[in-house]
Amino acid sequence: MSTPRNSVVHSVTGFMQPFLYALVFLTRLPVAGLLRNVDAETAKRSVYYYPLVGLIVGALLCAATYVLSPLPAQLQAALLLGFWVLVTGALHLDGLADCADAYFAGHKCMDTEERRTRILAVMHDPHCGAMGVIALVIFLLVKFAVLSALLEWLATTEQGTWIYLPLLLAPVLARTAALFLMSLSSYARAQGLVPPSNSQRNRELLPVAILVAVAGIALAPLPVAIGLAAVLPAVILLWRQLWQKQIGGYTGDCLGGLVEITELSVLLLWVALAANGIA
């Protein structure tokens, strides 16, 4: 018969192990030594903690922005972008590059199965092709420019501690977008690092994703919240439609690409509204 103390310990362990697995998988934070008895169930449950990992990434970005605040905006943006890549280990950027390579390698194949096989093979290839490099260069340039503009705005605005909200929410909403994609599509491979989907998990993921998205968007100023509520579903659905047509579902690379695109979309929207005095 279990004691109350054992029940508490079991509950804490039941939360911590999937959370730590998600943290190890999605970041390069040195917490792998805290993992114990990792199994398939731990990996499956870890996806529910992706938004919480995003919150930690966002908090680290806010702290880094505060530390770097005495520097000029462009230098601050470059260092912050480098720190962002370092924290995540470029995992999502790698997914974005693989998506670019795979799409351009297979999109002209007329046969559906041939196209699917070609795209999945390129995604699985660890090497980065020309289209992946081009996509990364353009993406990082845009993200640097957006961060620079955002930091310039942060230096002049008078919103107290809420000025860091864009950097806090972008990683949270981006990883929540990944949950939406997993809940709306099936995993395109038989095996992979991302736990395969099933109808039950899809039904369970969707309420979690909706709850986190609504809570996150509600924290933003009203004009930004309205913009996010319109833009983010469109980004997720368009990305889902693209890969549903190409490979009949998603892969880990598709999730990584969506995380990067969503983060950039949140920051772009915020900067656009701030530049017009709306945010």
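About 40 Å³ of space lies in the largest cavity. This is a predicted model, where local features need pLDDT of at least 70, side-chain atom pairs count only at pLDDT 80 or more, and totals for chains, interfaces and linings use all residues. Residues are numbered from 1 along each chain as its sequence is written, and side-chain values use heavy atoms, without hydrogens and water.

Terms next. We use a 1 Å grid over the protein atoms alone. A cavity is a set of points where a 1.4 Å probe fits but cannot get out. A pocket is an open set with protein on both sides within 12 Å along at least five of seven lines. Lining residues have an atom within 4 Å of a point. Points join across faces, edges and corners, and volume is the space filled by probe spheres set on them.

Back to the cavity. The count is one cavity of 30 Å³ or more. Its lining includes Leu 81, Trp 84, Lys 143 and Glu 260. Helix H4 (73-88) gives the largest share, four residues. Helices are DSSP runs (H or I, at least four residues), numbered from the N terminus.

Now the second largest pocket. Its volume is about 250 Å³. Thirteen residues line this pocket; among the closest to its centre are Leu 96 and Trp 239. Helices H5 (91-106), H7 (130-156), H10 (222-247) and H11 (252-275) each give two or more. H5 supplies the largest share, five residues.

What classes make up the pocket lining? Twelve nonpolar, one polar and no charged residues. Nonpolar means Ala, Val, Leu, Ile, Met, Phe, Trp, Tyr, Cys and Pro; charged means Asp, Glu, Lys and Arg; the others, Gly among them, are polar.
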